[in-house]
Amino acid sequence: MVKNNPLRGWQVDRASIRHVGHDLQRPECILAERDGTLWTADARGGAVRIAPGGEQRLVVPRACAEPAAASDFDSRYVQSQGSLPNGMAFLPDGEIVVANWGSDSVDVLDREGRVRRLVDRIDGQPLGKANFVLRDRSGRLWLSVTTRMIPWTDSINARAADGYIAVIDEQGPRIVAEGFAGTNEVRMDAAEEWLYVVESNARRISRLRVHPDGSLGLREVYGPQRLPGFPDGFAFDAFGNLWVTLVMADRLVAITPDGELLTLLDDGNPDATRALDAHYEARTLTPEIMAAACGTLAPWMASLTFGGPDLKTVYLGSLRGTTLPSFRSPVPGLAPIHWNEDFHA
């Protein structure tokens with residue numbers, strides 16, 4: 001057992017939680033800059049920039065400045081219509097590469113709101129549900145695609161293993177691993193030796209060895225074979241704990257380097273979560289059952305990001321929230337690839 005793990009025996013103090021931002025729409029992913037600036041994905045087709053002092057600005061294409069946002073649950077969350085930025089990553093020049101869940105594409109958003117399409121097809125076929133993008137030290141972009149099923153919610157009961165991971169580099173986009181059940185966020189360890197993959201529909205974390213040419217090794221399960229909910233977003237801390245959000249159950253857990261599962265925050269609705277789990281096992285989940293399962297702090301808790309000058313402030317992203325709950329961690333997060341890049345020079 002790894003000793004002196006700062007998370008063992010620690011949980012989030014709800015009284016210490018502070019909310020950042022206001023009137024956000026589908027703040028699924030959060031990027032933190034070293035100066036305290038935050039960027040969060042926004043359902044209006046771009047991102048919201050939140051300055052260290054709290055001032056915020058919607059950064060979207062001019063045509064999307066005042067869209068008629070879909071208000072009903074089916075259009076907004078099941079059919080996923082329109083431009084719905086999901087996972088995001090900074091490019092070296094400060095532009096943001098976006099996995100667009102609504103348009104099934106990967107786009108690039110600059111800081112004035114201009115958008116250009118990077119890729120929407122691979123191997124001659126439409127991408128499918130582009131979920132997350134990650135940049136590594138070699139400049140490669142790693143893309144996760146959750147499913148090609150329409151609507152995406154059908155893939156949960158079907159346990160469809162049609163998710164995949166692609167790499168985008170100077171050779172163009174190419175699939176490097178497939179057969180995942182609900183591919184969601186992807187992350188690398190500090191040495192970039194392993195690519196960690198959330199398989200939401202299988203309720204597990206997998207990992208694959210990263211080879212120098214961008215190919216991946218065999219897949220293995222990391223941590224518990226089955227997590228107590230649908231994992232969505234995750235991030236490493238500097239100790240090596242892997243923090244994971246369980247969406248709909250709205251629980252924040254951590255997998256220690258020993259493989260132990262720790263519960264750090266539970267904001268779920270117990271009755272709704274039990275119903276969710278029962279229907280998941282029976283393969284009878286419906287959007288209505290999923291909609292009923294959510295908490296109050298970050299409804300449909302979807303991601304977490306370490307920020308602040310010491311990387312000890314944790315921000316929670318969500319699919320149905322309008323703010324970013326934040327709290328202090330006893331251990332800093334693993335510094336992201338862009339941490340020492342100066343976008344304001």
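Me: Which residues do ring pairs link into a cluster?

Reply: Ring pairs link W10, W243, F306 and F327 into a cluster. Before going further, note that this is a predicted model, where local features need pLDDT of at least 70, side-chain atom pairs count only at pLDDT 80 or more, and totals for chains, interfaces and linings use all residues. Residues are numbered from 1 along each chain as its sequence is written, and side-chain values use heavy atoms, with hydrogens and water left out.

Me: What makes W10 and F327 an aromatic pair, and why is the pair called tilted?

Reply: Rings of Phe, Tyr and Trp (its six-membered ring) pair if their centres lie within 6.5 Å; planes under 30 degrees apart count as stacked, over 60 as edge-to-face and the rest as tilted. W10 and F327 are 6.4 Å centre to centre with 40° between the planes, so the pair qualifies and is tilted. W10 lies in the segment before strand 1 (18-20) and F327 in strand 26 (residues 324-328), so the pair ties together parts that are 317 residues apart in sequence. Helices (H or I, at least four residues) and strands (E, at least two) are DSSP runs, numbered from the N terminus.

Me: Why is F327 called buried?

Reply: Buried means under 20% relative accessible area, exposed over 50%, partly exposed in between (1.4 Å probe, protein chains only). F327 has 3%, so it is buried.

Me: What makes the buried residues of helix 3 line one face?

Reply: In helix 3, A272, T273, L276 and Y280 are buried. Seen down the helix axis, the buried residues fall within an arc of 100° (taken from the directions from the axis to the C-beta atoms), so they line one face of helix 3. The face turned away from that buried side carries the exposed residues P270, D271 and R274.

Me: Why is strand 7 described as largely enclosed?

Reply: Five of the five residues of strand 7 (residues 96-100) are buried, so strand 7 is largely enclosed by the rest of the structure. Both faces are covered, with I96, V98 and N100 on one side and V97 and A99 on the other.
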